[in-house]
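Have the sequence and the coordinates open as you read.

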Amino acid sequence: MDYRFNHLYRESTGYGVLLITPDSGVVIGLHKNTGNQHEGFLESRTGLDHISFQVGSRAELESWMSWLDELGIPHTPIRDETEPFAYSTVVFRDPDNLQLEFLALP
């Protein structure tokens, strides 16, 4: 199953496509960014958008958020979304400033 969507809060910078295999639970999001001038990927410049880790429930998401607080890791509040499907998410960054995300489905 694939689903095309605009970048959330940055609709003018491109779009993404979600590739979902319901049997395995694997979801891969591929993003087209218009700011890219056709450069190839290098770890030393923009290229990796973010990685999401699915958790079992919204309550578990709240537990992860508390754990991030205990570690002093800045993060967003829980954000509840309905598009392209219902989910809740918390976003934070690793020491290399790569965006990471915990994601809970209803």
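Buried means under 20% relative accessible area, exposed means over 50%, and partly exposed lies in between. Keep those cut-offs at hand. The model is predicted.

Start with Glu 81. Its relative accessibility is 17%. That value is under 20%, so Glu 81 counts as buried. Glu 81 sits in strand β5. What does the side chain of Glu 81 form a salt bridge with? The partner is Arg 79, and the closest N and O atoms are 2.9 Å apart. The side chains of Glu 81 and Arg 79 are also joined by a polar contact of 2.9 Å. Arg 79 has a relative accessible area of 27%.

Now move to helix α1, which spans residues 58-71. Arg 58 forms a salt bridge with Glu 62. Their closest N and O atoms are 2.9 Å apart. How far apart are Arg 58 and Glu 62 in helix α1? They are four residues apart, so about one helical turn separates them. Arg 58 is partly exposed, at 34% relative accessible area. Glu 62 is partly exposed too, at 38%.

Arg 58 has a further partner. The side chain of Asp 80 meets that of Arg 58 in a salt bridge, at 3.0 Å from N to O. This pair links distant parts of the chain. Asp 80 belongs to strand β5, residues 79-81, and Arg 58 to helix α1. The two are 22 residues apart. Asp 80 has a relative accessible area of 48%. The cut-off for exposed is over 50%, so Asp 80 remains partly exposed.

Arg 58, Glu 62 and Asp 80 are linked in a network of salt bridges.

Methods: Residues are numbered from 1 along each chain as its sequence is written. This is a predicted model: local features need pLDDT of at least 70, side-chain atom pairs count only at pLDDT 80 or more; totals for chains, interfaces and linings use all residues. Side-chain values use heavy atoms; hydrogens and water are left out. A salt bridge is a side-chain nitrogen of Lys or Arg within 4 Å of a carboxyl oxygen of Asp or Glu. Buried means under 20% relative accessible area, exposed over 50%, partly exposed in between (1.4 Å probe, protein chains only). A polar contact is a pair of N or O atoms within 3.5 Å; within protein, one must be able to donate a hydrogen and the other to accept it, and residues adjacent in sequence count only if both atoms are side-chain atoms.
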